[in-house]
Structures are given as C-alpha cells and as structure tokens.
Amino acid sequence: KYAFLSDRVGSLLPSGVRLEGLEIAPLRKSVETGKSLMLREGVIEIRGTTREPDQVTRFTHELSQLKESRQVKLISLDKNRDTGDFDFKLELQL
C-alpha cells in the first residue's frame, strides 16, 4: 500500500520541485528508551525544495486529488536565505 502511494507521490511532483524527504507513519514524538514507538499511522510527511512557491500549491492540489487522500496540509513554507529556494513540508493524511 505505501510503496504504491510513494510512487504516486513521486509521479505528481512538478518539474520545479525537488523531493528532500518522504516519511511514512512518522513518529509522534522522539524515541524514549523502554517505551513503545508512537507512530502517526495514515500520515505521510513530504519535504522538498523549489524556486517557485506556486509549485507547492500545485503539488498540494495534485496530492489532494489522490483517491487515498483525506487531507493535505501545508505545514511550513520558508525561504532559504542562502539559496533563495523555498523549503516546504506537507502532510498527507490517508
């Protein structure tokens, strides 16, 4: 299930977006010795970079059209002062 979704997310990337990370069922909080991992099941976090912030809007829209998608949230969009690129983080809820 997740391999298929990972492939679909990659296929929806606009040409001007570079994928930096894709995390499936990310941790809810940091790992603590002796405690069970607390995962955010049904969530995919996507991090990337682009020169044009409107590419993030386009990508968000494309992700929201997936039949498995319940919601897509823009978590952050920040301009990198050194490169001029925009770094973003999205959350895809399944």
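User: Buried means under 20% relative accessible area, exposed over 50%, and partly exposed in between (1.4 Å probe, protein chains only). This is a predicted model, in which local features need pLDDT of at least 70, side-chain atom pairs count only at pLDDT 80 or more, and totals for chains, interfaces and linings use all residues. Residues are numbered from 1 along each chain as its sequence is written, and side-chain values use heavy atoms, without hydrogens and water. Is arginine 51 buried or exposed?

Analyst: Arginine 51 forms a salt bridge (Lys or Arg side-chain nitrogen within 4 Å of an Asp or Glu carboxyl oxygen) with aspartate 85, the closest N and O atoms being 3.0 Å apart. The pair links distant parts of the chain, 34 residues apart. Aspartate 85, at 10% relative accessibility, is buried. With a relative accessible area of 53%, arginine 51 is exposed.

User: Which residue does glutamate 45 join in a salt bridge?

Analyst: Glutamate 45 is buried, its relative accessible area being 10%. The closest N and O atoms lie 3.0 Å apart, and the partner is arginine 40.

User: What is the relative accessible area of glutamine 55?

Analyst: Glutamine 55 lies in helix H2 (residues 54–64). This residue counts as buried because its relative accessible area is 18%.

Technical notes:
Helices (H or I, at least four residues) and strands (E, at least two) are DSSP runs, numbered from the N terminus.
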